[in-house]
Amino acid sequence: MTAARTARQPTRIGWREIVGLPGLDIPSLHAKIDTGARTSALNAVIIREFERDGTKWVEFDVTFTEDRHVQRCSAPVADRREIRNTSGIPQLRYVIETSLTLGSRRWQIELSLADREPMKFDLILGRTALRNRRICVDPGRSFLSGLPVHPTPDIIRSA
């Protein structure tokens, strides 16, 4: 197979993956890949809107189902829109933009903030986050991308 042909091959991922959200200081969390969902959703509770330098921001808690620890996060508000929940009922949700790390790949995505406490996954990765990324979801496999690869800061060596 030629290098050009290999470069065009889509990245295969499973129906669940471990991803990172470095823009929120979340190095890893379990995500369900849900091509039936348009918008991605992060488990967030105690959401509080505030203003910083004339811009609307939200502060929220993310509770991780793996070990039940809670992390306080904040991000600028990108939008506020009605999004249908898993039962098909529209909910008005905050939407933020942040970076996603999947394996060694990183790009910006939109995340709606929703109380997903009763759900098994802290993050639903919807189809708009995957669109135009040359990704193929294998519904019979899991964790194909490996752990998220985060860039390491330059190490300064003293003489």
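1. Thr 63 lies in strand β6, which covers residues 55–63; helices (H or I, at least four residues) and strands (E, at least two) are DSSP runs, numbered from the N terminus. This is a predicted model, in which local features need pLDDT of at least 70 and side-chain atom pairs count only at pLDDT 80 or more, while totals for chains, interfaces and linings use all residues. Residues are numbered from 1 along each chain as its sequence is written, and side-chain values use heavy atoms, with hydrogens and water left out.

2. Is Thr 63 buried or exposed? Thr 63 counts as buried because its relative accessibility is 9%, where buried means under 20% relative accessible area, exposed means over 50%, and partly exposed lies in between (1.4 Å probe, protein chains only). If its neighbours within four places in sequence are left aside, Thr 63 is in contact (heavy atoms within 4.5 Å) with Asn 43, Arg 68, His 69, Val 70, Glu 117 and Asp 122.

3. The strands β6 and β7 (residues 70–84) pair in the antiparallel sense over seven bridges, and two strands are said to pair if DSSP finds at least two bridges between them. The two strands form a hairpin with six residues between them, in which Arg 68 takes a positive phi near 65 degrees.

4. Arg 72, which is also placed in β7, counts as partly exposed because its relative accessibility is 39%. Which residues does Arg 72 contact, leaving aside its neighbours within four places in sequence? Arg 72 is in contact with Ile 46, Glu 59, Phe 60 and Asp 61. Although Arg 72 and Asp 61 are eleven residues apart in sequence, their C-alpha atoms are 4.5 Å apart in space.

5. On the pairing of β7 with strand β8 (residues 90–102), the model has an antiparallel arrangement over seven bridges, with Arg 84 having Pro 90 in β8 as its bridge partner. The hairpin of β7 and β8 has five residues between the strands, and Gly 88 in the turn has a positive phi of about 85 degrees.

6. Strand β8 also pairs with β9, in the antiparallel sense and over eight bridges, and here Val 95 stands opposite Ser 112 in β9. The hairpin of β8 and β9 has two residues between the strands, and Gly 103 in the turn has a positive phi of about 65 degrees.

7. Not counting residues up to four places away in sequence, Leu 24 touches several residues, including Leu 42, Phe 60, Cys 73, Ile 96 and Leu 111. In soluble globular proteins, nonpolar side chains tend to be buried together.

8. How many disulfides does the structure hold? The structure holds zero disulfides, a disulfide being a pair of cysteine sulfur atoms within 2.5 Å. Cys 73 is buried, since its relative accessible area is 4%, whereas Cys 136 counts as partly exposed at 36% relative accessibility.

9. For the protein chain as a whole, there are two helices and eleven strands, which follow the pattern α-β-β-β-β-β-β-β-β-β-β-α-β when read along the sequence. Of its 159 residues, 36% count as buried, and among contacts between residues at least 6 apart in sequence, 56% join residues at least 24 apart.

10. A word on confidence is also needed. The protein chain averages a pLDDT of 90, and 90% of the residues score at least 70, where pLDDT is the predictor's confidence in each residue, from 0 to 100. Over residues 155–159, however, pLDDT stays under 50, and the model has zero contacts beyond four places in sequence for these residues. Where pLDDT is low, the predicted coordinates should not be read in detail.
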